[in-house]
Amino acid sequence: MCAQTENWWEQRIDYDDGAESYHVASERSELVSTNVVLSVAAIENAEPTALPPLASSIDPDALDSLFAEDVSGRISFPYAGYDVTVRA
């Protein structure tokens, strides 16, 4: 994962009022699992370590593997009170 500036999320997380959902932009070079945890932490205004382990919802290595190649797809899972959907 690239080093993040203090407010990196301000440029990458948008809230859609109509859909009542957050949308996060990410780079292909970033690990999906790390991006999920950092994004939820930013939305919650919490430290990532204050969140439950991602592994309590989904296998982080499997999640990263699914999106490691240049593939199209989508997976949804619950995490820290959110319904997370990852699309590529």
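The model is predicted, so local features need pLDDT of at least 70 and side-chain atom pairs count only at pLDDT 80 or more, whereas totals for chains, interfaces and linings use all residues. Residues are numbered from 1 along each chain as its sequence is written, and side-chain values use heavy atoms, with hydrogens and water left out.

**Largest pocket**

- The largest pocket holds about 870 Å³ of space, and of the 28 residues that line it, Val 24, Val 84, Thr 85, Val 86 and Arg 87 are the closest to its centre.
- A pocket here is an open set of points on a 1 Å grid over the protein atoms alone, where a 1.4 Å probe fits, with protein on both sides within 12 Å along at least five of seven lines, and lining residues have an atom within 4 Å of a point; the volume is the space filled by probe spheres set on the points, which are joined across faces, edges and corners.
- Strand S2 (21–24), helix H2 (32–44) and strand S4 (82–87) each supply at least two residues of this lining, where helices (H or I, at least four residues) and strands (E, at least two) are DSSP runs numbered from the N terminus.
- The lining comprises 14 nonpolar, seven polar and seven charged residues, with Ala, Val, Leu, Ile, Met, Phe, Trp, Tyr, Cys and Pro counted as nonpolar, Asp, Glu, Lys and Arg as charged, and the others, Gly among them, as polar.

**Strand hairpin**

- Strand S3 (residues 74–79) pairs with S4 in the antiparallel sense over six bridges, pairing being assigned if DSSP finds at least two bridges between two strands.
- Arg 74 has Arg 87 in S4 as its bridge partner, and the hairpin formed by S3 and S4 has two residues between the strands, with Ala 80 in the turn showing a positive phi of about 50 degrees.

**Buried residues**

- Ile 58, in the loop between H2 and helix H3 (60–66), counts as buried because its relative accessibility is 14%, the class being under 20% relative accessible area, with exposed over 50% and partly exposed in between (1.4 Å probe, protein chains only).
- Not counting residues up to four places away in sequence, Ile 58 touches Leu 63, Ile 75 and Phe 77, where contact means heavy atoms within 4.5 Å.
- The C-alpha atoms of Ile 58 and Ser 33 are separated by 9.2 Å, although the two residues are 25 residues apart along the chain.
- Ser 39, also in helix H2, is buried with a relative accessible area of 5%, and its side chain reaches the backbone oxygen of Asn 35 at 2.7 Å.

Conventions:
Polar contact = N/O pair within 3.5 Å; in protein donor to acceptor, adjacent residues only side chain to side chain.
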